[in-house]
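Welcome! Here is a friendly walk through one protein model. Keep the sequence and the 3D view open while you read.

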Amino acid sequence: MNIVQQVCRAISILGLITLCTGLQHCNPDYGPSGIYDCLQLDKYDKPQYATCITNSYAEMKTNYRYACKEDVYGERPTYCWNQCMVELHDMTYGHVYNDCACTPGQHVIKYSRTTSTTPLPISEQCYTPTGHDCLWFRDCLNYKYSCDGTDYKELLELGFNFCKIAPETKKKISENGFLWFDNAQKCFQVQMAPVLKQWLHLNCSTVENKATSVRNQCLSKPLGVISLCDLSHDDIWTIFWSIRDSFDKNLVPSILHVMNVIQNCSTSDKESNVTEMRLFFTPTINIHVTNTMIEKFLSKIVTKMSWQKEGIGWFCIFTES
């Protein structure tokens, strides 16, 4: 009995999950991530799903407020169970929402109007990302949800580029800049990961809304650690132009969101020599304009004006009015 209680404590998060009977095995050392079960917990009105997750993911997902409960030796396990209502709604008691509710013995929920499905199970690492696997956006998130929403596509692109440039960018910025960038890099994956839950099959509209919320959070104060506005002038613009240079195209609407966050910092020491130029097309021409045409046209202008030789960075977006 003592062994069962110790194991149960070792695989519980904050001591909230204390029932071991009937649960699939979440080994405190080996997991695996992603296995799940349905159980009734104290302080909740209905049964809910619980998932085997890593301690590092639990900490990042909750802005370092929650973690796997320490074992009898005062050490936190590598893996533990986490209930759905904490992970999806940050609620440790009360009513169990529909996206977490389950019936014991029934492990698949199919929702109507599902527009995205996964033909084969995704890797267990998908469920508890670290932020360092740049292919997570392609092999995990986009594999399950191949949606076409603008904000969703931009999050995939921005998150991948953050990850790709991380090693070099972190060498160029201060300790605070490193802290912000490291958490932003992790944030895109950690905060989107819950949509991958096996029992969730969300429509693209819901995924798009989630992507918008996550992007805004991860660009402003990722994982609740430090705000972009708290960084120095040099760090902010080093990060911005590093992100810009990571794109192999000039039409980069996703970086506009980074610029908006910087401009909203509203302090004079964050200002830089940024100039906005607008090109207007007549309505008759506008319907024939393509992104490829804009790329070629602007590239010729930049070359003609020797912007790169002058050390001038630039990007553009195309909007229809």
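## A helix with a kink

Let us begin with helix 5, residues 150-169, which has 20 residues and reaches 26 Å from its first C-alpha to its last. That is close to the 28 Å expected at 1.5 Å a residue, where the expected span is 1.5 Å times one less than the number of residues. Helices here are DSSP runs of H or I with at least four residues, strands are runs of E with at least two, and both are numbered from the N terminus.

Where does helix 5 bend? A kink of about 30° lies at C163, shortly before the proline P167. The bend at a residue is the angle between axes fitted to the seven residues ending there and the seven starting there.

## How to read the model

This is a predicted model, in which local features need pLDDT of at least 70 and side-chain atom pairs count only at pLDDT 80 or more, while totals for chains, interfaces and linings use all residues. Residues are numbered from 1 along each chain as its sequence is written, and side-chain values use heavy atoms, with hydrogens and water left out.

## The whole protein

Now zoom out. The protein has 11 helices and three strands, and from the N terminus on its elements run α-β-β-α-β-α-α-α-α-α-α-α-α-α. Of its 321 residues, 46% count as buried; buried means under 20% relative accessible area, exposed means over 50%, and partly exposed lies in between (1.4 Å probe, protein chains only).

The accessible surface comes to about 17100 Å², and carbon and sulfur atoms hold 52% of that. These areas come from the Shrake-Rupley method with a 1.4 Å probe, and for residues only the protein chains shown count as cover. Among contacts with a separation of 6 or more, 71% are between residues 24 or more positions apart, a contact being heavy atoms within 4.5 Å.

## Inside the protein

The largest nonpolar core has 76 residues, and W136, L141, Y145, F162, W180, L196 and I243 touch the most other members. Such a core is a set of buried Ala, Val, Leu, Ile, Met, Phe, Trp, Tyr and Cys residues joined through side-chain atoms within 4.5 Å. Leaving out residues up to four places away in sequence, L196 touches I122, C126, Y127, W136, C140, L141, K144 and Y145.

Back in helix 5 you can find G159, which is buried at 0% relative accessibility. Apart from residues up to four places away in sequence, G159 touches F137 and F188. The C-alpha atoms of G159 and G131 are separated by 9.2 Å, although the two residues are 28 residues apart along the chain.

## Charged pairs

Side chains of opposite charge can pair when their charged atoms come close. How many salt bridges does a search of the whole structure find? There are eight, each with a side-chain nitrogen of Lys or Arg within 4 Å of a carboxyl oxygen of Asp or Glu. In one of them, R76 meets E70 at 3.9 Å, N to O; R76 is partly exposed at 40% relative accessible area, and E70 is partly exposed at 38%. In another, E168 meets K171 at 3.3 Å, N to O; E168 is partly exposed at 46%, whereas K171 is exposed at 63%.

Are K186 and D182 buried or exposed? Both are buried, and their side chains meet in a salt bridge of 3.0 Å, N to O. They sit four residues apart in helix 6 (residues 175-192), so about one helical turn separates them. Salt bridges that share partners join K170, D182 and K186 into one network.
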